[in-house]
Number of protein chains: 2
Amino acid sequence: MTEKTVSGAEWSVLRIVWTLGSCTTREVIDTLQNESDWKDSTIKTLLKRLCDKEFLTTTKQGRQFTYQAVVNEQTAMNQTAVTMFSHFCAMKQGQTLIELIEQEKLSRSDLQKIEKLAHVRAMTAPEQVDCNCLPDGTCD
Amino acid sequence: MTEKTVSGAEWSVLRIVWTLGSCTTREVIDTLQNESDWKDSTIKTLLKRLCDKEFLTTTKQGRQFTYQAVVNEQTAMNQTAVTMFSHFCAMKQGQTLIELIEQEKLSRSDLQKIEKLAHVRAMTAPEQVDCNCLPDGTCD
DNA sequence: TAGTATAGTTTACATTTGTAAACTATACAA
DNA sequence: TTGTATAGTTTACAAATGTAAACTATACTA
């Protein structure tokens, strides 16, 4: 039951499928070649691997495939992000979030949600979060 | 000038070095074996690779190495996070941040900083952020 | 119907990563 | 001085990843 992961190149392909919705190999290739110089074969390989890993399913019409994403894009993004954070020192995660909020382009409504959420969570938040980098102890 | 990357296993080793500060191979091995079942050789290999990639430098005393991290932990975390976000649909990044703020254990003071920052940024934020998944267009 | 342009499949191959055994050199103990 | 426990180096090897050529099957054209 090894958790399948999406590689970097595969992620690019998935984004196209998520965005186009149900689409053919040809559509994926044409769209991707607009922003990369991957050969047709390369993209076909990536699509195949995503099917093998069950991130995509297909429907056939004649000899052609139509792909559908199995996972929802937002869900995949969130999971990827949470997983990445799980490899970070707990004590320093807040600062990384701050950096992201500073760096990323965000809509007013998302920022307002964030503001509200942070406000609410702050009311029951611990004074500090300990470093979990060592079995025992604290860093810094 | 290919950007060197830190693999998952290497990240675990780096965390130890960041936390212990200047430390010997033996200290890294003992610490890591407390939480994993990697063999000595495995850890030595990872340390070597991190030196090759110049994420660590060494000082020698006698035949022994002492390692120092070249990059700052917080900086590395932030960069990793920003890079990851750059592979995400711009329109949906806000929601991922919200998810992280919901999921992660955060200190009151970090949450307060986030609240304040979001408030300030909201004042000049765009009404919406467009999807950048396709060369041209919008998803959803 | 024969030919050709495609869609999909197979094979390929270098690099990175996870994982570690085997080997070499040396500091220190007896 | 010699042996032994370690520190470090070399070699190994499978799986994952990036990248793609070569091949096969088939739908449609002429």
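Of the atoms of DNA strand C within 4 Å of the protein, 56% belong to sugar or phosphate, and the remainder to bases. The model is predicted; local features require pLDDT of at least 70 and side-chain atom pairs pLDDT 80 or more, whereas totals for chains, interfaces and linings use all residues. Residues are numbered from 1 along each chain as its sequence is written, chains are lettered from A in the order in which they are written, and side-chain values use heavy atoms, without hydrogens and water.

The surface near DNA strand C (a heavy atom within 4 Å) comprises 3 nonpolar, 8 polar and 8 charged residues. The largest share, 4 residues, is supplied by α3(B). Polar contacts (N or O atoms within 3.5 Å) reach both backbone and bases of the DNA: a backbone N or O atom of A9(B) lies 3.0 Å from a phosphate oxygen, while the side chain of S41(B) places an N or O atom 2.8 Å from a base nitrogen. For R63(B), a side-chain N or O atom is 3.4 Å from a base oxygen.

The rings of F65(B) and Y67(B) are edge-to-face, because their planes meet at 65°, with centres 6.2 Å apart. F85(B) and F88(B) form a tilted pair, at 5.4 Å and 55°. W11(A), W18(A), F85(B) and F88(B) form one aromatic cluster.

Notes. Polar contact = N/O pair within 3.5 Å; in protein donor to acceptor, adjacent residues only side chain to side chain. Helix = DSSP H or I, 4+ residues; strand = E, 2+ residues; numbered from the N terminus. Nonpolar A, V, L, I, M, F, W, Y, C, P; charged D, E, K, R; others polar. Phe/Tyr/Trp six-rings, centres within 6.5 Å; stacked < 30°, edge-to-face > 60°.
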